[in-house]
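Here's a walk through a structure, taken one neighbourhood at a time. Keep the viewer open and click along.

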Amino acid sequence: MIAARGLGGFAVVFMALAALAVWREDLGLPMFYLVLASTALFWVAQATSWNVLSGYSGYFSFGQGAFVGVGAYTTAVLGGRHGVDFYLTVPVAAVFSAVLALIVGGLAFRLRSFRGEIFALLTLAVPFILAAFARVNSEIDGGQGVVVPVPEFPEWMGQFQDFLYLLNLLVAVVAVAAAFAIQHTRFGWALASIRDAEDVAEGLGVATFRYKMLAIAVTGLIGGAAGSLFALQIGFVTVESVFGLTIPLFVIVMSVLGGRTHWFGPVLGAVVIVLIQDRLSASGFEGWNLIVLGAILAVLVVVAPDGLQARLWRRPWPAVAALVLVTGVLAVVDAWGTPLDWFVSGVLAAVAVVLWPGHAPASAERRPPAPDHVDLGEIGESTGHSGQQLPENSKINGEPGEVLVECREVSRYFGGVRALDGVSLQLRAGELVGLVGPNGSGKTTLVNLVSGALRPTSGTMAVAGRDIVGLAPHRIAHVGVSRTHQIPKPFESMTVRDNVAMAIMFGRQPRPLTAAREEAEQCLDIVHLGHLAGARPAEINLHERQLLEMARAIATKPKVLLLDEALAGLNPAEIDAAVAVVRRIHASGITIVIVEHLLRVVNQLATRVVVLNRGRLLADGDPRTVMSDPDVIRAYLGRHAHARGS
Amino acid sequence: MTTLQAALSGALVGGMFAVMAAGLSLTWGMLRVINLAHFGLILVGAYLTFELATSWGIDPILTIVLTVPLMFLVGAGLQWAFDRLGVEEFASLLVSFGLLIIVMQTVSNVWSADFQRMPGDVNPYATQSVSLGRFVFPAPTLIAFVFAVVIVVTADQVLRRTFAGRALRAFAEDRAVASAFGIDHRRLGMVLAGLSAASAAVAGMLFALGNAVTPSTPFEWIGVVFAVVILGGIGQVGGVLLAGVLVGTLSAVVSATWSPALSPLVLFSAIILALLFRPYGLLTVRGAR
């Protein structure tokens, strides 16, 4: 809905801006302005293209030049050497560039442990390879450069510059509309979750690899189409003009300046940078152009890494006032410069106002906690809290049912260390299993294996009868496994409510955003976080973050919930509150495995206890029997403890 | 025969890459600063050597007596600023990208965008060569290799054996614990960044010795040098020398057997493969956790 209304808006903007070119002479608009606008539109498209991958998903790329280059060379070679119609070459260029993007993504995103820095450096290398390839291959360039023929265009468009402007406008509007649409759909939410905490997103059911590939393909498509126009604009394509670092520098500076998490950021950044660049060149400071750009980048990353857009949205009026005031005063005084100079001065003043320190992000106000949200008296009672229940699944509540998780001879080695060594284990529906053992006994490794974060070195594992070895974590989440992390990793850019809504949108029974938000409230109520739904994760304490982890985990509608030390670092009252929450989740029909060091808690909660020691299964049974097992006591308290104790 | 000669020459050229990469690798590994501006410092180092040798008639190798202390101060100052402003990892990559662009443009404004090469009368090394048996090596690459060995071995020993070196490694391992044990990471960080910048001055001199420079030369280094850093294992100086030699050899052999223009293509493809299959360095065995 938002998307549909917004896209209508883009159509209107397109018509209005297109009218400028068509009726340019009637409007008395000097050609110079149109050329400037054309340049700005080209960069709007490029920065937006870059931002879909690098801004939304956080994978910074230095390889924008590669997409521009492939687009430009496709048009130049097909048009200039093979006489292919220009209009045909644009989509071909976009597709070629997208294919390149998919190759790069397919290589780079394969590895799960691929860190952002390495991706950035990899993309840095891609344009160099392409440049070398183009130089060697005389079919493409051969070190000569390629002339781009000017295509025929309808007479009503006017001159070549008008034509180019209209083309740039079309590509830019399509690009920005695409970025807008992406931001307001599941796609955008998936990318934002990847940016915030990729592993967590994957574990909650987001197909991170697929979304990253989609994002890089969109980046390639737009970058290639715009690159095709770039070829037309420069008229003569050389390796140096496209595969250098100027294009990545520009798009990075523009997006960082404008803001990377919003579709409007790159638009804003591109317009401001193009204006500054133009005025610098016009004032005879060409040699300073790049110095100013570099300085803007260096200073911004330190001073305002969030960029203009977010700050402007929060307090637009001072900036608008500065723009109007400075431009107005300069126009009235009329002592210096041209109208464009006045306007650019106004823009710079507005930018300064927006970036002024003290204008920093104000944290959303924290709502006071609901009264009595921690009722110590309710410990031990697992049901009956006023309507804050998950839909109950009474069939499996209580006595154990069918086998839900089955591990057979599962081992996992790290180098020479046997973190898990031949563990066989069955979990039945409806159980609440306490997984205990000394530090380094393999508890977290087991959780990581069942959730798919790690693959076993050997052995088989099945969940609900389905083999899960080798499945991607998001697939396993869809089979019905969900987990919490020892150190909570919320999506920092989203509210508490949206953290949970994310899990519902991508969980086992996906819902659209609005429905997911409503359901999220229910999940938050179950863990008693309803009063913090509008807060940001940075504003809540450790206890609340751990409860948020649980809310997010149950939001995926799991069959099995793995709680990895969900109570670590809490004080006694918080522990009791969390225990009550775990009971309530269990009562709703979810099978739970709780990794915990506090035996008091395990005794209180678990229907069954599994003890690991040095990667092996030491004991398995009902809590009372297991806890009095001499082997278990020895593992916990040392070799002689049992003898002395008895 | 020619291939073998090319391989050996390439290995020596790899020494220069190692000198360029050593400082970068150390600041990345130890201080978590990915300093693209390092390439700017190498560029300035090369131009200073050119300027001092051409205008003042100083022996090009001896110019490092002046450039090394100067660069040390620049590097330490930069690290002071990074530390003060909390610029690390990703932010450092962006900030230093901005700084690199500033340096390159400034160099271009000062010395023009043309190629600059020290004339033969001030740079006797450029034309000399040393023959060992059937093989002939240009003096600049031999000198570069000697410097590489000296720098890498010294850095490696300092990191292994001195208190400061151990303190740095402890700091890279776990900052909070290292600080709790009384390691003054600020001062150590500045010294390390200073030394890294000093090595950039040496690298600049070595490059100017055998090549002509233009302000856009850093673009030719970035890919290769980062490959050397990553292949060597981030933060491991010893690996840098090995990786440098490997990369240099591969590049030279491809140039000799096929075509010089193909060399970046093969090289970067190899680098991408290495990145994909050994992202933690050729020598690194990922330890148990």
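This is a predicted model: local features need pLDDT of at least 70, side-chain atom pairs count only at pLDDT 80 or more; totals for chains, interfaces and linings use all residues.

Residues are numbered from 1 along each chain as its sequence is written, chains are lettered from A and ligands numbered from 1 in the order in which they are written, and side-chain values use heavy atoms, with hydrogens and water left out.

Back to the rings. A pair of aromatic rings is described by the distance of the centres and the angle of the planes. Rings of Phe, Tyr and Trp (its six-membered ring) pair if their centres lie within 6.5 Å; planes under 30 degrees apart count as stacked, over 60 as edge-to-face and the rest as tilted. Searching the whole structure turns up 26 aromatic pairs over all chains. In one of them, the ring centres of Phe42(A) and Trp43(A) sit 5.0 Å apart with the planes at 70°, so this pair is edge-to-face. Another edge-to-face pair is made by Trp263(A) and Phe264(A), with 5.4 Å from centre to centre and 75° between the planes.

How exposed are those two? Trp263(A) has 15% relative accessibility and counts as buried, whereas Phe264(A), at 23%, counts as partly exposed. Both belong to one aromatic cluster, together with Phe10(A), Phe180(A) and Trp313(A).

Now for some scale. Chain A has 26 helices and 12 strands; helices (H or I, at least four residues) and strands (E, at least two) are DSSP runs, numbered from the N terminus. The C-alpha trace of chain A spans about 95 × 55 × 40 Å along its principal axes. Of the 646 residues in chain A, 56% are buried. Take the contacts (heavy atoms within 4.5 Å) in chain A between residues at least 6 apart in sequence: 75% join residues at least 24 apart.

Next, helix packing. Two packed helices are described by the angle between their axes and the distance between the axes. Axes are lines fitted to C-alpha atoms, for helices over the stretch in contact, and angles run from 0 to 180 degrees between N-to-C directions. In chain A, the axes of helix 12 (residues 264–282) and helix 16 (residues 339–355) come within 10 Å and cross at roughly 130°. That makes helix 12 of chain A oblique to helix 16 of chain A, because angles under 35 degrees count as roughly parallel, over 145 as roughly antiparallel, 65 to 115 as roughly perpendicular and the rest as oblique. Helix 12 of chain A contributes Val272(A), Leu275(A), Ile276(A), Asp278(A) and Arg279(A) to this contact, and helix 16 of chain A brings residues including Phe343(A), Val347(A) and Val351(A). By class, the contact has nine nonpolar, no polar and three charged residues; Ala, Val, Leu, Ile, Met, Phe, Trp, Tyr, Cys and Pro count as nonpolar, Asp, Glu, Lys and Arg as charged, and the others, Gly among them, as polar.

Helix 12 of chain A also packs with helix 13 (residues 289–303) of chain A, at an angle of about 145° and with the axes 10 Å apart. Here Ile273(A), Ile276(A), Gln277(A), Leu280(A) and Ser281(A) of helix 12 meet Asn289(A), Val292(A), Leu293(A) and Ile296(A) of helix 13. The residues of this contact divide into six nonpolar, three polar and no charged.

Val347(A) leads us on to Ala322(A): they are 25 residues apart in sequence and 8.1 Å apart in space, C-alpha to C-alpha. Ala322(A) lies in helix 15 (residues 316–333) of chain A and, at 12% relative accessibility, counts as buried. Leaving out residues up to four places away in sequence, Ala322(A) touches Gly346(A), Ala349(A), Ala350(A) and Val353(A).

Finally, look across to the other chain. Helix 6 (residues 116–136) of chain A and helix 4 (residues 89–111) of chain B pack at about 30°, with their axes 10 Å apart, and are therefore roughly parallel to each other. Gly116(A), Glu117(A) and Ala120(A) meet Glu89(B), Phe90(B) and Leu93(B) there, a contact that divides into three nonpolar, one polar and two charged residues.

How values were computed. Buried means under 20% relative accessible area, exposed over 50%, partly exposed in between (1.4 Å probe, protein chains only).
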